[in-house]
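The following paragraphs lead the reader through a single protein chain, from its surface to its individual residues. Please keep the sequence and the model in view while reading.

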Amino acid sequence: MFDYGEVSPQVTSSHIHELQQRVQRMQGSAISRTLESLPGLSGVIQLRTGEAYAVDSPSLAMALVAGASQAGEWIAIVGAPDLGL
């Protein structure tokens, strides 16, 4: 079905680095900031703007976004229809 004759099975780190730089040039440089978090979580994780995070617990998701929300940041939770906001 597919012709893999031209595909090299070995991808070197230089290829990966080159592709990452090309993507960065296309996307432009975004300003990324560290978001506020609850005092109990500040030493555990630092959320950054423009990032996506996945957790299995609705209560942990709410705790992670609480500090940023209290500081006036926009937050979104996707794929949790039973969260009950």
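The accessible surface of the protein chain amounts to about 7,500 Å² (Shrake-Rupley method, 1.4 Å probe), and carbon and sulfur atoms account for 55% of that surface. This is a predicted model, in which local features need pLDDT of at least 70 and side-chain atom pairs count only at pLDDT 80 or more, while totals for chains, interfaces and linings use all residues. Residues are numbered from 1 along each chain as its sequence is written, and side-chain values use heavy atoms, with hydrogens and water left out.

Of the 85 residues in the protein chain, 11% are buried, a term that denotes under 20% relative accessible area, whereas exposed denotes over 50% and partly exposed lies in between. The chain contains 2 helices and 0 strands; helices are DSSP runs of H or I with at least four residues, and strands are runs of E with at least two.

Helix H1 spans 13–27 and helix H2 spans 58–70, with Ala54 in the loop between them. Ala54 has a relative accessible area of 79% and is therefore exposed. Its C-alpha atom is separated by 9.6 Å from that of Ile77, 23 residues away along the chain.

The structure holds 1 salt bridge, defined as a side-chain nitrogen of Lys or Arg within 4 Å of a carboxyl oxygen of Asp or Glu. Arg33 pairs with Glu73 in a salt bridge, their closest N and O atoms lying 3.1 Å apart. The pair links distant parts of the chain, 40 residues apart: Arg33 belongs to the loop between H1 and H2, and Glu73 to the segment after H2. Arg33 is partly exposed because its relative accessibility is 40%; Glu73, at 27%, is likewise partly exposed.

How values were computed:
Buried < 20%, exposed > 50% of the residue type's maximum accessible area, 1.4 Å probe, protein only.
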